[in-house]
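Please work through the following exercises with the sequence and the coordinates open beside you, and try each task before reading its solution.

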Amino acid sequence: MKVRARDPKQAWTEDFESSPVRDDGIETSTISGIPLKPLYTKDDLPARADELPGQFPYTRGIHPSGYRGRLWTMRQFSGFATAEETNRRYKYLLANGQTGLSVAFDMPTLMGQDSDAPTSRGEIGHCGVAIDSLADMETLFDGIPLGEITTSMTINSPAAILLCMYIAVAEEQGVPASVLGGTLQNDILKEFIAQKEFIFPPAPSMRLVVDSIEYCAKEVPKWNTISISGYHIREAGSTAAQELAFTLADGMAYVDACIERGMRIDDFAPRLSFFFDAHIDFFEEIAKFRAARRIWARWMRERYGAQDERSWKLRFHTQTAGVSLTAQQPELNIARTAIEALAAVLGGTQSLHTNAMDEVLALPTDKSARIALRTQQLLAYESGVANTVDPLGGSYFIEALTDEMELQAERYFKQIEDIGGVIPAIEASFFQKEIADSAFRYQSELEQKRRIMIGVNDFTVDEEVPIDILRIDPRLESEQVARVREVRRKRDPARCSNALTSLRKAAAGKDNLMPYILEAVRAYATEGEIMNTLIEVFGIYTERAVV
Amino acid sequence: MSPTAVRPVRIIVAKVGLDGHDRGVKVVARALRDAGYEVIYTGLRQTPEMVVDAALQEDAQVIGLSIHSGAHMTLFPAVVQELKRRKATDIIVFGGGIIPDDDIAALKKQGVEQLFTPGTPLQEIVEWLRKRLPTSPA
């Protein structure tokens with residue numbers, strides 16, 4: 001019997017159309033709502049020259065050797081209770097093969113207030129470590145050689161103060177600022193947009209960011225002065241494309257502000273870094289990371305005229321998605337995190353935090369923190385995925401999705417520009433509303449079972465086995481309060497009050513504030529005292545609450 | 001308004017504590033509004049005193065609290081205490097956030113009537129309110 005030859009593509013289309021299709025009502029679009037075709041072929045490949053890693057526009061990665069040259073940094077975000085306890089956890093993580101530190105501060109520290117402020121009640125040491133003054137910072141890094149490790153600090157409104165404390169501890173260890181390596185989050189725009197840990201109004205907030213970038217360009221040249229973050233935007237409910245677009249728009253707003261200060265693009269752009277979320281929709285995330293590099297490279301070279309290749313390269317840290325974790329059947333979070341971490345690695349991340357399975361319930365225990373770190377080691381050393389540079393490059397699907405991400409981001413840039421830029425868009429609640437809309441859409445899809453979260457809206461179990469969670473001893477609160485009061489008693493009062501007076505005067509003028517903050521820190525002024533001095537000059541910001 | 005109309009149920013939805021994680025509170029506020037309640041969202045960083053002030057000023061029957069910083073054991077009972085102090089114990093208090101099971105039991109004993117944790121269907125919150133408040137919108 002003779003079979004008539006059919007055109008293969010035509011044949012596939014006919015065969016697909018005559019095949020049964022699942023009708024479980026579950027969306028086939030990405031988690032962000034991008035419609036997907038069931039099959040991608042070479043017809044979907046963008047018509048552009050073959051890109052290569054280590055070459056403009058870096059879609060395939062910023063290093064020609066990918067992870068063959070160097071693996072990503074395994075950087076677990078941690079901090080809880082007191083500086084002393086967190087110091088112990090850091091030593092434990094370093095002993096277990098972690099390659100960089102990442103400090104989580106508690107809410108009072110993040111909000112620039114001391115542990116004995118009335119509104120710190122109940123918050124001390126709960127979601128990070130409590131740092132009130134240089135004395136706590138000395139304890140936090142006791143016995144950890146700051147010249148040999150790199151440290152990331154997740155802090156924003158009071159970022160300049162914490163950086164100065166780090167510089168001061170290094171000085172005491174005999175380590176000059178010029179060799180210090182690490183990252184300061186210092187991204188105030190995404191605070192206004194998503195995480196909402198703002199204190200000062202936008203203009204003085206931006207001044208502090210530019211002050212720290214300008215200061216570090218001269219004094220702490222190996223420091224990543226800012227980690228422009230999509231993570232919080234995504235966790236607040238945005239789509240992948242919104243995360244990409246809003247984050248890069250923030251990045252350009254910082255570039256504009258530094259240029260306005262009179263800095264040359266190539267003097268600061270190489271130290272800008274980024275921070276993205278790795279959510280559960282595997283391919284969409286990989287496409288997002290690839291698109292981010294391409295867009296940034298293009299804008300830096302073409303719009304800002306950067307000539308140093310390092311200014312074109314978007315380097316980023318990734319954290320797996322906290323929002324994708326479930327309190328129900330929490331052990332499943334290990335599997336979710338592994339999938340998300342793999343997406344980050346295939347997307348070419350420079351450093352990675354993997355969430356612990358119990359982070360949805362409380363701070364991670366030693367055991368769950370170790371499993372999270374081991375998940376990264378498994379990817380690096382067992383799975384083989386680090387052996388090939390950008391292994392998904394050239395995939396019909398990935399390349400098409402990368403282009404789609406880029407297209408959607410460019411559309412948002414246009415919209416933001418039409419509103420007048422990032423800060424006017426914040427003041428008009430543009431981002432906040434976009435994010436709340438996306439969060440609500442996703443929640444509605446879950447309610448309708450058009451999206452499934454295992455253990456939450458399907459595949460549930462009746463009996464939950466409780467897992468151990470880490471609890472913060474309530475005595476810690478009074479101990480930390482006593483500690484900050486002792487610091488105030490013991491310090492040289494004249495040196496401290498002079499430092500704060502000088503800072504206040506400088507804040508009212510135009511000087512770079514970093515040297516003044518550094519002096520106040522060295523004089524053991526507390527974080528709250530320094531912030532309150534600045535608030536006297538800058539005022540505070542109140543958000544218009546939109547639902 | 002017709003004279004027989006029942007006064008709409010008004011809910012103060014508030015973020016207490018220092019954290020700014022407002023995704024959950026906004027989603028819940030929208031769902032309650034869609035279910036026919038009058039919802040007033042206070043915004044971020046409300047102290048227990050501010051929340052109770054708002055509830056009394058707005059003549060609210062219900063207060064919904066949200067927190068993600070771990071300070072719930074301090075701040076949720078503080079709202080209940082403040083209601084007692086202001087003799088407004090008829091106002092129902094419920095809450096949500098990242099709250100371990102053991103804490104839920106303890107908070108219920110201290111007068112927080114119900115707690116909803118991540119993954120709770122919005123409908124479950126609405127149904128709980130309807131049962132708890134027979135005058136709820138249908």
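This is a predicted model: local features need pLDDT of at least 70, side-chain atom pairs count only at pLDDT 80 or more; totals for chains, interfaces and linings use all residues.

**Exercise 1.** State what confidence scores accompany the model and chain B.

Solution. Turning to chain B, one finds a mean pLDDT of 91, with 95% of its residues at 70 or more.

**Exercise 2.** Determine the strand order of the open sheet in chain B, and explain which strands stand at its edges.

Solution. The sheet of chain B is open and has 5 strands, which pair in parallel and follow the order 2-1-3-4-5. Strand 2 (38-41) and strand 5 (114-116) of chain B each have a single partner strand, so they stand at the edges, with one side of each left without a neighbour in the sheet. Between neighbouring strands of this sheet the turn is 20 degrees on average, when direction is ignored.

Next, take one pair within the order: strand 1 (residues 10-15) and strand 3 (residues 62-67) of chain B run parallel and are joined by 5 bridges. Within strand 3 of chain B, G64(B) is the residue opposite V13(B).

**Exercise 3.** Describe the side of chain B that touches chain A, by elements and by residue classes.

Solution. Begin with the contact itself, in which 30 residues of chain B meet 31 residues of chain A. On the side of chain B, the elements that give two or more residues are helix 1 (23-34), helix 3 (72-85) and helix 5 (122-132), and helix 1 of chain B gives the most, with 5 residues. By class, the residues on this side of chain B are 13 nonpolar, 11 polar and 6 charged.

Key
Residues are numbered from 1 along each chain as its sequence is written. Chains are lettered from A and ligands numbered from 1 in the order in which they are written. pLDDT is the predictor's confidence in each residue, from 0 to 100. Two strands pair if DSSP finds at least two bridges between them. Helices (H or I, at least four residues) and strands (E, at least two) are DSSP runs, numbered from the N terminus. Axes are lines fitted to C-alpha atoms, for helices over the stretch in contact, and angles run from 0 to 180 degrees between N-to-C directions. Two residues are in contact if their C-beta atoms, placed from the backbone, lie within 7 Å. Ala, Val, Leu, Ile, Met, Phe, Trp, Tyr, Cys and Pro count as nonpolar, Asp, Glu, Lys and Arg as charged, and the others, Gly among them, as polar.
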